[in-house]
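This briefing looks at side-chain interactions, grouped by topic, and at the confidence that goes with them. Please read it alongside the sequence and the coordinates.

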Amino acid sequence: MLLTLTTTHRPATDLGHLLVKHPDRVQSFDLPTGTAHVLYPEADEQRCTAALLVEIDPLKLGGGRGRRQAATPGTFTLGQYVNDRPYAASSLLSSALAKVFRSALRGESRARPELAVAPIPLAVRAPVLRCRGGAELAVRVFAPLGWAVTATPIPLDEAYPEWGDSRYVDLTLTGTLRVADALNHLYVLLPVLDDAKHYWVAPDEVDKLLRAGAGWLADHPERSLITRRYLAHRRALAGEALARLAELRLADETPADDSVESDQPREAPRASLAVRRRETVLAALRASGASRVLDLGCGGGALLAALVADRRFTEIVGTDVSSRALALAARRLRLDRLPERQRDRIKLWQSALTYRDDRLRGYDAAVLMEVVEHVDPPRLPALEDAVFGHARPGTVVVTTPNVEYNVRYEGLGAGRFRHADHRFEWTRAEFAAWVDRVATAHGYTATIGGIGDDDPDVGSPTQIAVLTSTEQTTRKEETTA
């Protein structure tokens, strides 16, 4: 089995740091079913390709449990050797990915920590992939994740085209993503397309699925199919996984209608609006130079997970009025499994944003991501006082829906909000007026923008404001003087 990962990021050889595998060496790893090799067919400043080659021992695969054993009398002896599993990408390759690129799957790189959390141009190729559902299914599962997908059916026999296509495809994915995201997509979706697992699916597979699918599976339009196939159609396990994904969707306040909170039109593969929102917020935090960050109204922890992945954020606090949401965030972050040093960076506090909380004072930045619209308008002055007046972080990043864009969502009737708990949704003029009033009252300067596709008539689906305190601005000017 063969899988290649290519980048044209400059310098392209940084791929070796992200995968924690040196381009100048061939490295081999023992597997329960054979041997995995990592090598670099090309590695220079302009282009670098890492190849994962998995050689399967048919005797181990056939039930030898790691030892060469004689065939049981009466069995089909050649069945130990004649098997499509050693030749087609499948759960065997997925397991090899998990063992060989363990640090890369977690988004860790000691040598290039800033690059590990950054999207870079990538191309993935699996030249022989069993795809039960054909090339169309490969597009359905990979395209919503931001990949451009080319899945070419492989003929049964090129000499006899009238025989038609085989059940295999030559898959190529191209896109600009984090290496960790790319590997996690492959880890989950290779066995999904194969619709088979080479090992017994135990209950702990649910945790593996949710861990690898963090940040993308809950919002995937094919999450039901992916969950069922990954868990080998075990109904009880699939039901548990889907229920937990539904909890994450609820905590992240993703509307039930998948057309809402997705960019329009949907023909071209792209990251979802939720992902683009998080990326924009993270970019604003990085630009502010913040290292100690508050996620106010953190919900199920989607933004917290992204903050934890970036080592520049040395102290991360998530607050929410809901203890259930905080429990979901703790589960998403796997706090009980993190090393102590990592766990010490994170705090989860129950707190209401309409009351002053001394614990929140003195932080570099705070985020109110899709939060203010959940507050009753008469209570907004209390939130403004608690956040901008009392806690007074150096930078505050605020995102909220643009109600003018709602006409672009199918099924969202006039007067309806994007979420049942929204107390209001602002027009662009209303949001700008609120930001200006808050900034003037509390000594902040502000910039306002949009997130998502910019419609010439109704603007972007999400509005964003970055407010910087006058003290923070003065410090920056003194530093650069």
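In this predicted model, R292 lies over the face of Y363, at 4.2 Å from the ring centre. The points below turn to the aromatic pairs, then to the salt bridges, and finally to confidence.

**Aromatic pairs**

- The count of aromatic pairs comes to 8, and one of them joins F388 and W434, whose ring centres are 6.4 Å apart with the planes at 75°, so that this pair is edge-to-face, the class for angles over 60 degrees.
- F388 belongs to helix α15 (residues 380-391) whereas W434 belongs to helix α16 (residues 428-442), so the pair ties together parts that are 46 residues apart in sequence.
- Both of these residues, F388 and W434, are buried.
- W434 also forms an aromatic pair with F431, and this one is stacked, with 6.4 Å from centre to centre and 20° between the planes.
- F431 and W434 are both in helix α16 and, being 3 residues apart there, they are separated by about one helical turn.
- The relative accessibility of F431 is 0%, so F431 counts as buried, and W434, at 5%, likewise counts as buried.
- F388, F431 and W434 are among the members of one aromatic cluster, which also takes in F424, W426 and Y444.

**Salt bridges**

- Side chains of opposite charge can pair when their charged atoms come close, and in this model the count of salt bridges comes to 28.
- R106 and E108 meet through their side chains in a salt bridge with an N to O distance of 3.2 Å; R106 is partly exposed, at 46% relative accessibility, and E108 is partly exposed as well, with a relative accessible area of 27%.
- Between R359 and D357 there is a salt bridge in which the closest N and O atoms are 2.8 Å apart.
- A network of salt bridges links R132, D195 and R229.

**Confidence**

- The average pLDDT of the chain is 86, and 86% of the residues score at least 70.
- Over residues 64-72 the pLDDT stays under 50, and for this stretch the model has 11 contacts beyond four places in sequence.
- The pLDDT is also below 50 over residues 253-269, a stretch that has 45 contacts in the model beyond near neighbours in sequence.
- Where pLDDT is low, the predicted coordinates should not be read in detail.

Key:
Residues are numbered from 1 along each chain as its sequence is written. This is a predicted model: local features need pLDDT of at least 70, side-chain atom pairs count only at pLDDT 80 or more; totals for chains, interfaces and linings use all residues. Side-chain values use heavy atoms; hydrogens and water are left out. pLDDT is the predictor's confidence in each residue, from 0 to 100. Contact means heavy atoms within 4.5 Å. A salt bridge is a side-chain nitrogen of Lys or Arg within 4 Å of a carboxyl oxygen of Asp or Glu. Buried means under 20% relative accessible area, exposed over 50%, partly exposed in between (1.4 Å probe, protein chains only). Rings of Phe, Tyr and Trp (its six-membered ring) pair if their centres lie within 6.5 Å; planes under 30 degrees apart count as stacked, over 60 as edge-to-face and the rest as tilted. Helices (H or I, at least four residues) and strands (E, at least two) are DSSP runs, numbered from the N terminus. A charge sits over a ring if NZ of Lys or CZ of Arg is within 6 Å of the ring centre and within 35 degrees of the ring normal.
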